[in-house]
Amino acid sequence: MTSNSSPGLADALAAGTVVLDGGMSNQLASAGHDLSDELWSARLLADRPDAVADAHLAYFRAGADVAITASYQATFEGFAQRGIGPEEAARLLALSVELGRDAVRRARDEGIVRPLWVAASVGPYGAMLADGSEYRGRYGVSVDELERFHRPRIEVLAGAGPDVLALETVPDADEAAALLRAVRGLGVPAWLSYSVAGGRTRAGQPLEEAFALAADVDEVIAVGVNCCAPRDVELAVETAVRVTGKPVVVYPNSGEVWDAEVRAWTGRSTFTAEQVAGWRKAGARLIGGCCRVGPEGIAGIARVV
């Protein structure tokens, strides 16, 4: 399903560069919403869904072509810990996609006519743990167990009709293998995006091996990296192109560092829109920002693109 009869995202990537949005959490926080809860931005699916739609619209206004839903940390297990049963959890997962659609409709009402898409975020197992382990991987959980964890929510999200599934911030090639199993046969395209440090996944696997897992998976229309330092992007892009031949997705953080113990960002931003030209030259086709990259940063990317 595509947004308002837009062309398929895979076709758009074959034709040129597509702009992703920026960080959902920082946009919500800048609007005054408290994200200290373990559900992070997913809590607002229940408490303030209008705020989520507003955040998507802010990025469309800034020049983003793709809205990534607020379902990164939304899991049946995480909601259960807050006393939310499986039926309501499924409703909230589906709502995350509908809020993206609502933002598309509002953007159309404002006169934005370029193609727009909605990507359903599927965050890693570690995001549910809310202890920073999505930056480490190696959970001590088997590939089969990880597939059983991911499959139910992926099926709900796919059933809600997104344009693409965003398998994102994956720290470990074992988890990628589980996610790729779970998306086979669903009829919804996906991108696979690792969180990396240098030329390796956060769990320490070489990126050549990690990207190779997706090379022959028809459902995967792009591979790449997100939630990493800007300096790590170019090598990852070159590796992804060489190993898979697929379009490459990149959306790094601002360059600041997340301290999981105090739940705060430290350091300074090293993200600049000018870096985008180098990423495009290396082969990136789906480009945006992750944590701490807001509408202003996305507007800068859109100008370069």
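Author: Gladly; what follows goes through the sheet, then a helix, then the aromatic pairs. This is a predicted model, in which local features need pLDDT of at least 70, side-chain atom pairs count only at pLDDT 80 or more, and totals for chains, interfaces and linings use all residues. Residues are numbered from 1 along each chain as its sequence is written, and side-chain values use heavy atoms, with hydrogens and water left out.

Reader: What is the order of the strands in the open sheet?

Author: The 8 strands run β1-β12-β9-β8-β5-β4-β3-β2, with parallel pairing. Strands here are DSSP runs of E with at least two residues, helices are runs of H or I with at least four, and both are numbered from the N terminus.

Reader: Why do β1 and β2 stand at the edges?

Author: Each of them, β1 (18-19) and β2 (66-68), has a single partner strand, so one side of each is left without a neighbour in the sheet.

Reader: How do you know that β2 and β3 pair?

Author: Two strands pair if DSSP finds at least two bridges between them. β2 and β3 (residues 117-122) have 3 bridges, in the parallel sense, so by that definition they pair.

Reader: Which strands does β5 pair with, and over how many bridges?

Author: β4 (residues 164-170) pairs with β5 in the parallel sense over 4 bridges, and Leu 165 stands opposite Ala 190 in β5. β5 also pairs with β8 (residues 220-226), again parallel, over 5 bridges; there Tyr 194 stands opposite Val 225.

Reader: What makes the crossover from β4 to β5 right-handed?

Author: The term applies if, with the strands pointing away from the viewer, the path from the first strand over the helix to the second runs clockwise. Here the chain goes from β4 through helix α9 (residues 173-183) to β5, and this β-α-β crossover is right-handed. β8, α11 and β9 also make a right-handed β-α-β unit.

Reader: Why is β5 called mostly covered?

Author: In β5 (residues 190-194), 5 of its 5 residues are buried. Buried means under 20% relative accessible area, exposed over 50%, and partly exposed in between, using a 1.4 Å probe and protein chains only. Ala 190, Leu 192 and Tyr 194 point one way, Trp 191 and Ser 193 the other. In a regular strand the side chains alternate between the two faces of the sheet.

Reader: What puts the buried residues of α11 on the same side?

Author: They are Val 233, Ala 236, Val 237, Thr 239, Ala 240 and Thr 244. They cover an arc of only 170° around the axis, which puts them on the same side of α11; the arc is that of the directions from the helix axis to the C-beta atoms. These residues pack against α10 (207-212), β8, β9 (248-251), α12 (275-282) and β12 (284-287), where contact means heavy atoms within 4.5 Å.

Reader: How many aromatic pairs are there in the whole structure?

Author: A search finds 4. Rings of Phe, Tyr and Trp (its six-membered ring) pair if their centres lie within 6.5 Å; planes under 30 degrees apart count as stacked, over 60 as edge-to-face and the rest as tilted.

Reader: Why is the pair of Tyr 125 and Phe 149 called edge-to-face?

Author: Their ring centres are 5.0 Å apart and their planes lie at 80°, so the pair is edge-to-face. Tyr 125 belongs to α7 (residues 125-129) and Phe 149 to α8 (residues 143-159), 24 residues apart. Ring pairs also link Tyr 125, Tyr 139 and Phe 149 into a cluster.

Reader: What makes Tyr 125 buried?

Author: Its relative accessible area is 17%, so Tyr 125 counts as buried. Phe 149 is buried too, at 8%.

Reader: What kind of pair do Tyr 194 and Phe 211 form?

Author: An edge-to-face one, with 5.7 Å centre to centre and 75° between the planes. Tyr 194 is buried at 0% relative accessible area, and Phe 211 at 1%.
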